[in-house]
Amino acid sequence: MTTTDPSVNYLNHEKGLRSWLMTLDHKRLGLMYMWSTFVAMLLGGSFALALRLELFAPGQQIMSKDFYNHMFTLHGAVMIFLVIIPSIPAALGNFVLPIMLGAKDVAFPKLNRFSYHLYLTGAVFLIAAILTGGLDTGWTFYTPYSTSTDTSVIIAVMGAFILGFSSIFTGLNFIATIHKMRPPGMTWFRMPLLLWALYATSVIQILATPVLGIALLMLIVERVLGVGILDPALGGDPVLFQHLFWFYSHPAVYVMILPAMGVLSEMFAVYSRKQIFGYRYIAYSSISIAIVSFIVWGHHLYVSGQSTMVSVIFSAITFTVAIPSAIKVFNWIATMYKGSINLTTGMISALAVIWLFGIGGLTGLWMANLSTDMHLHDTYFVVSHFHFVMVGSALFSYLGAVHHWWPKMFGVMYDEGKGRLWTIMTFIGFNITFLPQFLLGTRGMPRRYFDYAPQFEFLNKVSTIGSMIVGLSIVMVFWNLLRSLKNGKKAPANPWGGVTLEWQCASPPSPHNFEDAPTVGDPYDMSQNRFVSDEEGYVPVTPSENDPYVYQVKVEEA
Amino acid sequence: MSNTHDEHSGPGHVLPMKMLVGTFVALLALTVLTVITGKMSLYGFDLSIAMLIATVKATLVAMIFMHLKWDRPFNGYIFLVAVLFVGMFLAYVVADTKEYQPDIKGWTDQQISKPASE
Amino acid sequence: MSSDHHDPLLAHHFDDMEQQFDTNKFGMWVFLLTEILFFSGLFVAYAVYRSNHSDVFEYASQYLNTNLGALNTIVLLLSSFTAAWAVRAAQLGQNGLVTKLLGVTVLCAFGFMAIKAEEYSHKYHEGLLWGGAEHSIFKVDTNTVDPAVAEHSEYWSEVKELPPEFRRQIGIFFGIYFCLTGLHGIHVIIGIIVILWLMRRNVRGDFSPQKYDAIDLGALYWHLVDLIWIYLFPLLYLIS
């Protein structure tokens with residue numbers, strides 16, 4: 001197995017489907033998660049386009065009311081459980097985290113494989129639910145409707161339950177890896193910020209996801225046996241289910257956004273070729289977001305019968321989430337200041353996220369406010385808000401990150417021009433889709449209806465056209481990436497000039513990542529490498545060459 | 001049955017036999033105590049006393065049987081974090097449901113007064 | 001960092017035995033944390049109903065058999081004791097003793113389940129079930145109670161005189177009782193499987209004082225099952 005032959009890497013050292021499905025290698029598992037999320041994204045995306053087509057004009061267009069209910073439920077369930085939650089943590093995290101630590105693998109490789117198998121099993125359950133009667137409860141499975149509808153709630157809930165455990169085990173693995181497998185010299189405050197973000201994410205996954213598990217289990221028991229704990233007809237309390245559900249599902253929002261923020265911190269530093277601004281504040285803000293995320297869930301229950309006293313407390317705490325989020329954005333902007341900005345596809349995605357997250361985050365404040373939320377709750381304003389955060393911020397970061405690490409994963413460069421073009425098109429399409437929805441929401445168009453009043457027609461048409469642009473552009477983004485596998489240029493070890501450890505190993509990495517233990521330095525000291533034209537990438541510089549003057553001359557020579 | 005630690009060359013702390021047995025006996029005694037106090041009327045403190053005894057028992061199990069006393073402190077912190085979060089979760093939800101009980105009472109009474117509707 | 005990289009007991013991605021042991025134990029503690037939070041949902045449900053209907057809980061608790069509950073507590077404590085002792089024996093290389101102690105632990109676990117089954121079947125027979133169950137005597141509308149159950153249940157004559165809302169909330173109490181003890185029972189069954197697997201591995205000679213992680217971790221899991229029961233017992237059986 002141990003070889004120094006540079007043509008042998010983790011992609012080709014073993015062959016056959018079995019060698020992939022039964023692998024213990026974190027890199028292969030990461031890639032399989034990535035392909036799975038892509039497939040799921042196309043599935044969930046086509047549901048979204050179907051929804052938008054139905055809403056192109058008032059009245060019934062292409063589907064019945066019941067079918068519309070199925071569509072929006074499945075769109076939500078697939079996108080959340082199969083795409084966004086495993087996207088950056090499981091797909092990229094698996095690939096990048098151990099290499100960033102200079103480790104050979106995660107702490108528990110078998111558990112890691114088990115997580116992926118659970119993910120596949122959960123996906124099969126969700127698809128089985130689609131095929132055996134669908135699901136029309138909304139992805140939130142609220143009781144008492146979910147205990148009385150005749151759709152495949154049990155199969156779908158079991159799928160979500162299994163996917164929850166997949167997420168828990170990934171989180172457990174990452175926490176143990178970060179705690180116990182950092183190389184000598186990498187103290188907590190010399191860790192790349194993506195690791196801080198993944199750590200904070202994992203904390204949420206292990207603390208919150210079990211509560212989802214028990215909530216869903218109670219729902220199953222309620223449906224099968226009629227236990228009554230959540231059923232008002234038997235003296236139970238349906239609001240209790242909402243408490244249990246959102247104790248998980250609000251923190252889960254940060255499972256989606258926190259790793260995206262980590263990826264952005266990496267990309268802003270690398271593509272500005274500058275030390276990250278306010279390292280410690282970004283690290284602390286990740287942890288504080290993780291903690292605060294647990295005490296704000298009640299803002300989903302403002303109009304569900306939650307008492308005024310508790311709503312006021314939750315409202316006040318919800319506002320505080322803005323502080324660490326804003327700290328991150330300010331630090332990213334400050335990192336770019338006087339940097340040498342390289343406008344790659346990854347950087348364009350990152351810049352797009354500042355705009356999208358700015359809008360998504362600030363509109364969140366309106367809904368944290370009790371009085372305005374009474375008006376905005378369950379309207380398209382909410383729909384637009386969480387799409388700006390979950391798609392605009394989390395998914396854009398994911399796409400940017402896939403471009404950023406693509407050369408490392410496959411050893412090939414994608415077509416930069418086309419990558420830029422289709423990323424920008426996605427961004428434009430996204431804004432056309434969702435900005436009108438804020439207006440629709442404030443004017444009172446409720447969410448989750450297949451029909452609407454005639455005065456909303458124009459804005460809905462604009463939104464549908466935007467969604468078509470997004471759909472086409474995303475497909476083209478994937479197409480551009482896939483094409484590079486066939487005829488992409490060979491990638492150097494370090495195409496962007498990153499200083500974190502994954503850029504020190506070969507592209508693609510060897511089966512055990514590093515032939516020699518890498519040296520650990522400041523993860524954001526960009527003077528540790530310089531661009532060499534012959535290599536078409538960055539190479540480390542020795543301390544004697546590390547003089548700023550020599551550095552500039554050499555670049556000009558080359 | 002030797003109590004010396006010298007025989008053990010691997011990682012981890014070895015519990016002395018005396019301590020193992022002592023803990024077990026203490027746990028049994030506390031179980032008897034909690035049954036006795038549970039059968040008495042303690043003027044509203046029943047729940048607190050039962051929980052206090054349970055917590056003492058839990059601490060014994062965690063510290064000694066589960067080796068937390070000699071383990072890396074961080075493993076103990078993990079345990080405490082779990083308890084803390086459960087406590088916080090519980091406090092919020094109980095506070096909320098207590099607060100809105102008067103609001104739903106009317107609905108419940110009305111539902112009860114028309115039996116066999118379900 | 002050391003030269004023992006070819007030690008067959010050491011997985012390739014760890015530097016040394018100590019790191020491996022520490023990491024495994026750390027992982028187990030994190031897993032126990034997820035278990036505690038998994039149970040928390042039901043504890044929250046318990047706390048919500050108990051705090052809002054304390055009179056119902058006081059009344060309903062009398063239907064549970066305190067003696068059997070206490071006996072089960074003692075059985076589980078004994079199993080926890082033997083599990084902890086098994087870890088000690090493994091550390092000292094007394095592999096024969098490990099098998100015996102784990103055997104006692106499994107026997108206790110089966111005993112626990114047997115007592116639990118006795119309690120459950122009694123409850124079923126008497127109709128002491130959650131309101132949605134066909135066999136339950138805790139229905140809002142007394143006419144919907146299965147006449148066969150009403151006839152042989154010794155509690156029926158008393159229960160049918162209770163106010164409807166009170167009766168309905170007793171149903172919720174039993175819903176919570178069965179959920180909590182049922183979930184705990186599932187954990188006991190998983191524990192039985194884990195310990196049997198450990199016994200098999202121990203007989204096969206997998207463990208030594210240098211490498212006994214699996215026994216240690218299995219015991220930690222078993223202690224947690226015990227810990228949860230330590231709280232369930234007074235919360236369910238001892239409400240006066």
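Residues are numbered from 1 along each chain as its sequence is written, and chains are lettered from A in the order in which they are written. Because the model is predicted, local features need pLDDT of at least 70 and side-chain atom pairs count only at pLDDT 80 or more, while totals for chains, interfaces and linings use all residues.

**Chain A, by confidence.** The mean is 92, and 96% of residues reach 70 or more. Now select helix α15, residues 416-442 of chain A: confidence is highest here, at a mean of 97. Helices are DSSP runs of H or I, at least four residues, and strands are runs of E, at least two, numbered from the N terminus. Jump to helix α17, residues 548-557 of chain A, where confidence is lowest, at a mean of 44. Select residues 549-558 of chain A next: pLDDT is below 50. Beyond near neighbours in sequence, this stretch has eight contacts in the model. A contact means two C-beta atoms, placed from the backbone, within 7 Å. Where pLDDT is low, the predicted coordinates should not be read in detail.

**Where A meets B.** Show the contact between the chains: 12 residues come from chain A and 11 from chain B. On the chain A side, α8 (238-272) and α10 (308-320) each give two or more residues.

**Chain B.** From the N terminus on, the order is α-α-α. Residues 24 or more positions apart account for 39% of the chain B contacts with a separation of 6 or more.

Technical notes: pLDDT = per-residue confidence, 0-100.
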